[in-house]
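The stops below proceed from one selection to the next.

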Amino acid sequence: MNDVFARDILTVAQLNQAVGQLLERSIPAIWVRGEVSNFTQAASGHWYFTLKDSRAAVRAVMFRSRASLVGFVPRPGDQVEVRARVSLYEARGDFQLQADGMRRAGVGNLYETFLRLKAQLAEEGLFDPERKRQPVRLPRAIGVITSLHAAALRDVLSALARRAPQVPLIIYPAPVQGADAAPRLAAQVVRANARAEVDTLLLVRGGGSIEDLWSFNDETLARQVAASEIPVISGVGHETDFTIVDFVADVRAPTPTAAAELACVPRADLLRAVRQEAQALVRAQRRALDQAAQRLDRAAAAMVSPAQRLAHQRERLASLRHRLLAAWRAPQARRSARVELLAQRLVHRAPRTAPAQQGVRTLAEQLRRAHARLLAARRAALQGAAAQLRAFDPQHTLARGYAIVRDAEGAIVRDAARLAPGQRLDLSLARGGATVDVAQVREQDD
């Protein structure tokens, strides 16, 4: 920083930047009390205002991310306490406060409690838009939780009597201010849910200071409202007043009257909708009747008397019969003529079969004689083969006194040298067989 001021010549931007850094480093975040004036809420959500007292004034800015946590919108003339950092708006060289927090003057402890509870419930998800429900559009009954002596009750009754006199109201009385107000309000929320006789709950009271509205910043009441099975509309204070109940309720209305207006559809709108639907139904019925009348006219025009229809059918039948006969006779005549022509051509082209028949008879006789000669030759050959087969038949050999000798494995024995004394043999004879044992082996002399 000293290096900056040590330069011979500074630009305006360098000077303002150095002064701004000096202010931010030298003065920590502080609380400043004063009166709000020249308050402006920009379209971006940022707050611009002047904080003043009887002797001085200072410009201040509070950005949207911080302003959304304040819980109320200050008005000119309000006494507030602002936690801010001192800075310099370098573009114009204006000294200003950059506010991080704000509370109404004189209620610092209450406001700190409000902010702590708000942050806690927000972290638990009780403010999440996903858990909020839209009130029933046509409730069977509306419940109102407020004091019997509160002006807010008269505002609600007046608004509903004007807006929806057909909807019954059930009042759950409870004080809206004082030491026992919060638990009694919470008890009425529980009671309304237990009785389940209304579709929407209004939790309302008129405006007042933060102390007057403190019952609606109670944690137990806030949790009961969040847990309510019946949608809850909060209408506490004026438009600029915010309480914890406003954040946990399903719908937040700026005033009790607005809460009553949000609870149901106006009777006039319902009657207008009924009239529109009735008119649409009448128009639809008329269109249906007109279309039916047109269909009836077309059907009547298309109708023909039974006598006319029968006469028309007889004429059509006669025409079809004539066409059928004509269609059958013409091809029949053509076919008869063609048959006669083919018969004449067949007569002229008929072959002469007498010579061919004689030739066939001659060939048949030759074939018979050749077949007889072939059959006699084949019979003689067959007899010779049969005699030769009988000559080679082993049975004939056995009948001449021979035998077939087999060893124990069934092999035919042809050489006596392969036998041994005591060896058992099987003999096959011309009639039957025998089993023998070799007593002696004699080899054939050369």
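**Stop 1: a parallel sheet**

Select Ile-145 first: the bridge partner of this residue in β7 is Tyr-172. The model is predicted, with local features requiring pLDDT of at least 70 and side-chain atom pairs pLDDT 80 or more, while totals for chains, interfaces and linings use all residues. Residues are numbered from 1 along each chain as its sequence is written, and side-chain values use heavy atoms, leaving out hydrogens and water.

Strands (E, at least two residues) and helices (H or I, at least four) are DSSP runs numbered from the N terminus; two strands pair if DSSP finds at least two bridges between them.

Now display the whole sheet, an open one of 5 strands with parallel pairing, in the order β7-β6-β8-β9-β10. β7 (169-173) and β10 (251-252) are the edge strands, each with a single partner strand, so one side of each has no neighbour in the sheet.

Contact means heavy atoms within 4.5 Å. Axes are lines fitted to C-alpha atoms, for helices over the stretch in contact, and angles between N-to-C directions run from 0 to 180 degrees.

**Stop 2: a helix pair**

Select α6 (residues 181-195) and α7 (residues 219-227), whose axes come within 8 Å and cross at roughly 15°. The two helices α6 and α7 are therefore roughly parallel to each other, a term for angles under 35 degrees.

Show side chains at the contact: Ala-182, Leu-185, Ala-186, Val-189 and Val-190 of α6 meet Thr-220, Leu-221, Gln-224 and Val-225 of α7. By class, this contact of α6 with α7 has 7 nonpolar, 2 polar and no charged residues. Ala, Val, Leu, Ile, Met, Phe, Trp, Tyr, Cys and Pro count as nonpolar, Asp, Glu, Lys and Arg as charged, and the others, Gly among them, as polar.

**Stop 3: antiparallel strands**

Move to strand β1 (residues 30-41), joined by 6 bridges to the antiparallel strand β4 (residues 79-89). Within this pairing, Glu-35 has Gln-79 in β4 as its bridge partner. Strand β2 (residues 47-52) also runs antiparallel to β1, with 5 bridges, and Ser-37 is partnered there by Thr-50. Between β1 and β2, which form a hairpin, lie 5 residues; Gly-45 in the turn has a positive phi of about 100°.

Methods. Parallel < 35°, antiparallel > 145°, perpendicular 65-115°, else oblique.
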